[in-house]
Every structure is written in structure tokens, then in C-alpha cells.
Amino acid sequence: MYVQCLTESVIAAACSRVGQSVLHLDRRNYYAGNWASFTFNGLLSWIEEYKNQQKVQITESEQVWRSLIDEGEDVVPLSSVDSSISNLEVFCYASEEEEKEEETKAPLTSCQPVNAETVSEETTGDSTEAQDTVTGDDTTASDAKTQNEEHEVSEPEEEQHTSDISEPSQSQEEKDSQPISSPADPPVEVEKKITYQKLVKEGRRFNIDLVSKLMYSRGALVDLLIKSNVSRYAEFKNIGRILTCRNGKVEQVPCSRADVFASKQLTVVEKRMLMKFLTFCLDFEQHPEEYQDYTEKPFREFLKNKKLTENLQDFVLHSIAMVTQQTLTEEGLKATQHFLRCLGRYGNTPFLFPLNGLGEIPQCFCRMCAVFGGIYCLRHSVQCLVVDKASNKVKAVIDTRGQKISCSHFVVEDSYIRDEQRQSTAYRQISRAVLITDRSVLPSESDQQISLVTIPPLESSAPAVRMVELCSSSMTCMPGTYLVHLTCSSSGTAQEDLAPVVSELFHVSTIPGEEPSEGAEERSKPAVLWVMYFNMRDTSALDSSSYSLPSNVHVCTGPDGSLGSDCSIKLAESVFHHILPDEEFCPPAPNPEDIIYDGDGPQAEGPGFDESVNTEAEEEGAAHEKNPSTEPAEMDSVADTTPSSEE
């Protein structure tokens, strides 16, 4: 029995795949817990539920439990309130005026948004078809890389195609309004203005993640997706560029060899120094004499010892290794090495992002679990565990409907555990902010790029901030907007930690819908249309010894503060092997075309209707006896259509 988040979804899929019976319960009305993705309207509903949860007093119905408990059994109650989210604040800066007001202001161009939207959808569709899909073997992985290169080559053609379509409509407008050609721009500006009503109306185009992560191309999650064949349930897009913010200016980080030599931010001497250092990091284990004196010292000191300039130290520490000032040297070298080894597998950066948001990944594993017999129940939670006193193991659970359900193992998310069942209640917090903006922090020729931005601490005591900017072709926001995720370790509330960064990089209006004055520096910044701040509990540092629970209860931690998902995948594998030590973790699921059903065969296909057909069937049977190797291929082609109908 499982209560779901990403880790639990992976465990459930792995257990179901090897023939175990799995019941997956969740008290929420959506999949993936704190890993979920919401439409904009769904997120507004989630915010309302959170606020209502803070006001409602939950009463325990222990009398129901007691009537179901037999002699020799004990009860362990579970928490009915999710306290993993805190300090939630929402601010809207988009104009709240009605959408029809815009149409009356610009009647001559009222058809333009339809054309622009159609163009955007066509471009999105084209880019979606060209996305890299993580595949299940080395050959197909290289094919994916080739497809990615083709996508990179063809991307300017798509952009040119888009501009070719949009430019004639603009020129036509200029022809229609030749006497007043110079004031033709203001109506276009009004048309591009995005109101709150527009966000709500187009809310289904958004897929907003509660947790912001990327997938290392050679990380544990991608390797598992390939091994298990779960990758076929999702599509992925490359991260187009890695940026950093230095002295209030956003610039690109050179991380590959080509980027280093093409960089305009680095001097010739710095390029040589950086290339020499990155080459050393690729096989630093072969040269222990270079770093053994710094194994117990911060990575930053090692970088200074290597005589890297302040500029290069910031690049390596925050944008390549992505570690803190306190990280030890060996850990920093491993992080840099991992980054470099991930380069080039599926693109020029080490990262992938799943289309439609990170919430797709838990759902992919849920789908695999269901295909092999797993049962899912949303809005259905567990009130307490029934423990056998003699063995101190959970033998059953009692759900919120008063049913007693037997189980041999219970896998649960940390938020269900009460404080009295914890050995330690000390855990970290993650500060999160989700923004909807009107343009990119670093405009480029292509406006359909996903960007990773690292922001060094604004103050010595402040944490570094990680920012992921998503475009509409990632299927996470409507055309004409960007979805921005900010994440850092908490030193205060999320708003206290991240509001200074938001003010540094974006224009935040004092009055909803207000635009910055002409010539102001704020005018060059993207405008914030909507923002949400919240803190999320990080329990990744806890282990099984941190809880006072029966031995067959396995607690899974929620999302951690790192950029990748290795922690969750390694925990899932560890729990699986604890439950089923002799089974393989997530063996490959068969492809539908590879499934051969018992009793199927060419001779059973279509009985003869006349003598000539029977004669042909007999001749085919004789041919198969002579050449049996042709039979599996024939059966494969027959089975090709059967599983797809089952799915």
C-alpha cells in the first residue's frame, strides 16, 4: 500500500512490475502530491483549499478505529493535515480590467491575436514533434541526440517561418492605415497587454509545478526512464541556455568547449584557464595530488588556489557545480564532473525538461503501475495503522471510510507522520516563488528557449537562488507569457528570501496593470503579472532512524532543494530492495509490438473460406516447418495492434 509522491510512485511501479499487488491511496484529488502540476485555474483552487485547511479544525473519530481493533492489535494514528506547505502569499500585478475593453480600443487589429495565437500553436506543435524523447538503449539514445541536432538546425527555419507569417500581416495593417502609419504601434501594444481575466480564460494552457527541478541527461531519473521504458509515456525538451546574473546583468554561462571559445564575457587568458580547469575536473580522481590538501576545505578556496579569476569562480561555483560557499572541495569537483559528463548527450546543455511540467513524471510511473495491475484511489486516505503487537509490524490500515484493509508493507509520505512519531522534528525549508511574466529576462532571436539562471547571493548571508524560465513551447504557459520558478534554501519566509531577487530582475508595478514610465530602467525588465510565494518542507536529510514506526512502514521524504531528482530515485530503489531484496528494480516493460500471446499463430488466423485459401494456408504451414525463424516475426506483427487497444 502506498500514499503517493514521486518516490512512492516509482516504488509502486517497480513492485507492480514484478507481480506484487499494489493499492495506491491519496487524500488529495490530484496525483503526485507536492510534485504535482496544476493549470492556472487548478492552482487557484489549490490555494483556496490551502487557506481553508488552515482555518478548519480536524476532529479525530477514534471510536471508529476502536471498534475495528482486535485483541493483540495496536493503533498508530496518522496526520490528517498536510503541513508541508507554509507561508503562502499570492500577488496579482496584471490589470483587472475586462478583456472586451481591449477589443474596443483596437478594433482595426482585433483579428490579430487570433492569427498570432494560431501561429504560436503551429510553432508549438512543430517544436513538440521535434522534441527529444528519452529512449531505452544506447542506439536509440544516439538517435535522440541526432534528432536534437536536427532540431537545433531547423529551429531558425521555424523562427523564420513564424516571422514570415507575422510580418505580412503587419505590413498589411500599415498599408490599410497609411495616413496614420506612425501611430500604428500603440494599438499593437494594447493588444499585447495581458490582463488577469486573460490568464484565467487561458488557464488550461498553464502547467504550474509546485517543485522546480530539471533532469540531468545522465542522472538517475533519466537512466531509470530509459531502463524501465517509462520514457515512452512523456516527451522532453532541451534546456536551451544556462545564464547567470552578475552585477544586475543577465549573461550566458560558457560551459561547453564551443561556448567557452565563443564567449564575449571572458578574456583570452580566462578562456584558457577555464578550459584547463574543466579538463582537469573530468578525471580529477586520476590526480589526487592536485586537491588532497583541500579535501576538508571549501571548494571556493580550491578555486582560488587554482588562480581562477573572481569571474570564473562565480561561473564554476554557482552555474556549473551549483554548490554553496560551504561545499567541500571533493563534493564540488564531483558536481562539476557530473555536469560536464551530462553535456552533449541530448543537446548543448546537461538538462532536459518534460513537456507539460514535472508533474508528468510521477504520473508516468503511476501509469506503468496501473498497466501491471496497480489500483489507484484519489480522495481516499488512511486514518491509522493496525499493528500486530507480537511482531511490531503493520498488518492492516483503516481508511477514512471505516474499512480495514490488510497489507504486508506500508509506504507513506513524510507529511502523513505525526510529530509524536518522529525522533527529530528538525528539518530544512525550501523557499519557492512562481511568477508569470510577459517576456524573457534575456531576449534572443528565439523566444522559445528554456533557460536556467543562477543568481549568486545578493548578500553574504543570503542563499544563492536558482531560476528556471519556461517558454510556451514547454506546454507550461500560454503564448506571450513566461513561467518563472525561483528556488533557494530558506533563511526566512519565501517572500523575504525571494522578493529582493524578483525586484532585481523584474518590474513589479505598485498598481495592478501600471506600466513603467518612459525611459525608466524598469522598462527594460520583464513585467510580473502574477506571483506566488511559499515555503516547502525539505525532509531529505531524515532516514528510517528518524521515526518511531513499525519495521514494515517505509517513510519517503518529499522534494529536496537540489536541481536534480537523484535523491528521490535512490531512496525509491533502497526502499524497493528492502521490501523485495531478490527482485530487479524496475525491469523494462515490454513494448506493445514485442508482446506474444500464448496460442496465437498464423495458422489460427482466418479459417479458409474456399479450397484455394485452404491450400494457401497449408503451403504456408509447410513453409513455417521448413523455416521456423519466420514465425516470431509473423506473430509480432499480429500482436502489434492488440496491446494498443488494451491500453
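Reply: Start with angles. Axes are lines fitted to C-alpha atoms, for helices over the stretch in contact, and angles run from 0 to 180 degrees between N-to-C directions. Two words on the source. This is a predicted model, where local features need pLDDT of at least 70, side-chain atom pairs count only at pLDDT 80 or more, and totals for chains, interfaces and linings use all residues. Residues are numbered from 1 along each chain as its sequence is written, and side-chain values use heavy atoms, with hydrogens and water left out.

Me: What is the handedness of the crossing of H11 and H13?

Reply: Right-handed. The term applies if the near helix is turned clockwise from the far one by less than a right angle, and left-handed if anticlockwise.

Me: Which residues of H11 and H13 meet?

Reply: From H11 come Glu270, Met273, Leu274, Phe277 and Leu278. From H13 come Asn311, Leu312, Val316 and Ile320. Contact means heavy atoms within 4.5 Å. By class, the H11–H13 contact has 7 nonpolar residues, 1 polar and 1 charged. Nonpolar covers Ala, Val, Leu, Ile, Met, Phe, Trp, Tyr, Cys and Pro; charged covers Asp, Glu, Lys and Arg; the others, Gly among them, are polar.

Me: What makes strand S18 largely enclosed by the rest of the structure?

Reply: Buried means under 20% relative accessible area, exposed over 50%, and partly exposed in between, using a 1.4 Å probe and protein chains only. In S18 (residues 451-455), 5 of the 5 residues are buried, so the strand is largely enclosed. Ser451, Val453 and Ile455 point one way, Leu452 and Thr454 the other. In a regular strand the side chains alternate between the two faces of the sheet.

Me: How do you know that S18 pairs with S9 and with S19?

Reply: Two strands pair if DSSP finds at least two bridges between them. S9 (residues 241-246) and S18 have 4 bridges, in the parallel sense. S18 and S19 (residues 465-470) have 5, and run antiparallel. Serine 451 of S18 stands opposite arginine 241, and its bridge partner in S19 is glutamate 469.

Me: What makes S5 and S10 edge strands?

Reply: The open sheet has 8 strands in the order S5-S21-S17-S20-S19-S18-S9-S10, with mixed pairing. S5 (85-92) and S10 (249-252) each pair on one side only. The twist averages 20 degrees from one strand to the next. H13 packs on this sheet, touching S9, S10 and S18, and its direction makes about 125 degrees with that of S9.

Me: Why does alanine 32 count as buried?

Reply: Its relative accessibility is 1%, so alanine 32 falls below the burial cut-off. Alanine 32 lies in the loop between strand S2 (23-25) and strand S3 (37-38). Its phi is near 85 degrees, a positive value in a residue other than glycine. Most residues other than glycine have a negative phi.

Me: And why does cysteine 586 count as buried?

Reply: Cysteine 586 has 0% relative accessibility, so it counts as buried. Its place is in the loop between H17 and helix H18 (611-626). Cysteine 586 also has a positive phi, about 50 degrees, although it is not a glycine.

Me: How do you know that both faces of strand S22 are covered?

Reply: Val553 and Val555 sit on one side of S22 (residues 553-556), His554 and Cys556 on the other, and all are buried. Strand S16 (residues 410-413) runs parallel to S22, joined by 4 bridges. Valine 411 stands opposite histidine 554.

Me: How much of the protein is buried?

Reply: Buried residues make up 48% of the 647 residues. The protein has 20 helices and 22 strands.

Note on methods: Helix = DSSP H or I, 4+ residues; strand = E, 2+ residues; numbered from the N terminus.
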